[in-house]
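Please keep the sequence and the structure in view while reading.

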Amino acid sequence: MQTYENIPLDRSMYAAASKSFSRILEEMDPTAHYQGTELGSLDAYQRQLKRFDIKVSGENSDTVDKFFADPAGAALFPEYIVRAVRQGMDEGNILSSIVATKTVIDTMDYRGVTSENEGNAAKEVGEGAQIPQTVLKLKDNLIRLVKRGRMLVSSYEAVRHQKLDLFTIALRQMGSTMARAQLADAIGVLMDGDGNQNPAKTLETAAADTVTYTDLVNLWKEFEEYQMNTLLVSPDVMAKLLVLDEFKDTGAGDLFNATGMLRTPMGAMLYKTSCVPEDTIIAFDRRYALEMVCASQVQIDYDKVMDRQLDRAAITAIVGFGKLFPDAVRVMTVKKGS
């Protein structure tokens, strides 16, 4: 009988184009079979770590060398790196909070869908009259997919005796850097469009070199069919907003103290990032604005890693972004003084 303790592991499990190493493991050793046991809280990969007694976190974590104590255990090392990088990409990353949908594809060519409303969709339909239509069609141009990544450059001798807990921190930092690059790509699409003639409508503040509460109200008024439920702002704009009286005497401060997140007096979530150009506010309805397209999840040169050749091991992900509904996004810039 096959259990997690006798599953054969080898590098061919990384070669499947449409399945990750973890997914293949899960198919071979379903977590559902362990419900009600002490192993039920672990996924298939974590059960393999237990099988080889590899501790990847905590004060008593093992060293990198522990993965190679058993030839079969070496097959777990690339997935450990991938998971640590993904953890860094998820930590503090706001992409998941601003993306309406995530589409996973197995090709490098992808066209998003756009819609066209014929007539006034809200008008009354008389007897025998034609019902207003919403026409869905493919966009004219492909979504631009971008490979982002980092090169892991280190000799195996330099890391073999390092604690996995410390090595994980370094890998998480790599993931954080990759996520920041993806966020910059997403912001570019929100502002300038995805190459299908759909840039965001741009407004300007009423007064030079400042942002007032009235400016935010005017921005909010731009949204009719959609909601202004998310704001992305540059650090300099955030500093201007936080000194407004309306931000001082609302529940925004309480939310920030409790969660580290901010909300405008209008209810929109407020995120600061230097990926937004200076003097810029991006307002949008996160339910309808942005599609994230993943042609590949985080990948690594598994052959090199399993052969302990870390000197030039690439960690990459191929991701693009498409704008769903242009009217769901508005951009406000701070007027320049003379």
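Which residues does aspartate 62 touch, not counting residues up to four places away in sequence? With contact meaning heavy atoms within 4.5 Å, aspartate 62 touches Asp53, Ile54, Lys55, Gln162, Lys163 and Leu164.

This is a predicted model, in which local features need pLDDT of at least 70 and side-chain atom pairs count only at pLDDT 80 or more, while totals for chains, interfaces and linings use all residues. Residues are numbered from 1 along each chain as its sequence is written, and side-chain values use heavy atoms, with hydrogens and water left out.

Aspartate 62 is found in the loop between α2 (44–51) and α3 (77–90). Helices (H or I, at least four residues) and strands (E, at least two) are DSSP runs, numbered from the N terminus. Aspartate 62 counts as buried because its relative accessibility is 16%; buried means under 20% relative accessible area, exposed over 50%, and partly exposed in between (1.4 Å probe, protein chains only). Its side chain reaches the backbone nitrogen of lysine 55 at 2.7 Å. Such a polar contact is a pair of N or O atoms within 3.5 Å; within protein, one must be able to donate a hydrogen and the other to accept it, and residues adjacent in sequence count only if both atoms are side-chain atoms.

**Helix α2**

The buried residues of α2 are Ala44, Tyr45, Arg47, Gln48 and Leu49, and they pack against α1 (21–28) and α3. At the start of α2, a side-chain oxygen of aspartate 43 comes to within 3.1 Å of the backbone nitrogen of tyrosine 45. After α2 comes aspartate 53, which has a positive phi, near 55 degrees.

**Salt bridges**

A salt bridge is a side-chain nitrogen of Lys or Arg within 4 Å of a carboxyl oxygen of Asp or Glu.

| Salt bridge | Distance, N to O |
|---|---|
| Arginine 83 and aspartate 43 | 3.0 Å |
| Lysine 55 and aspartate 53 | 3.1 Å |
| Glutamate 222 and arginine 330 | 3.0 Å |

Arginine 83 lies in helix α3 and aspartate 43 in the loop between α1 and α2, so their pair ties together parts that are 40 residues apart in sequence. Arginine 83 is partly exposed, with a relative accessible area of 26%, and aspartate 43 is also partly exposed, with a value of 23%.

Lysine 55 is partly exposed at 38% relative accessible area, and aspartate 53 is partly exposed at 43%.

The pair of glutamate 222 and arginine 330 links distant parts of the chain, 108 residues apart. Glutamate 222 is in the loop between α7 (213–221) and β6 (230–233), and arginine 330 is in strand β12 (residues 329–335). Is arginine 330 buried or exposed? Arginine 330 is buried, with a relative accessible area of 9%, whereas glutamate 222 counts as partly exposed at 24%.

Salt bridges that share partners join Asp53, Lys55, Asp62 and Lys66 into one network.

**Nonpolar cores and a surface patch**

A nonpolar core is a set of buried Ala, Val, Leu, Ile, Met, Phe, Trp, Tyr and Cys residues joined through side-chain atoms within 4.5 Å. The largest core has 48 residues, of which Leu231, Leu232, Leu241, Ile281 and Ile282 touch the most other members. Helix α6 (residues 164–192) gives the most to this core, with 6 residues. Apart from this core lies another, of 43 residues, among them Tyr14, Val85, Leu310 and Ala313.

Leaving aside neighbours within four places in sequence, leucine 241 is in contact with Val211, Leu216, Val233, Phe247 and Leu270.

**The whole chain**

The protein chain has 11 helices and 12 strands. Its C-alpha atoms fill a box of roughly 70 × 55 × 40 Å, taken along the principal axes. Of its 338 residues, 43% are buried. Among contacts with a separation of 6 or more, 76% are between residues 24 or more positions apart.
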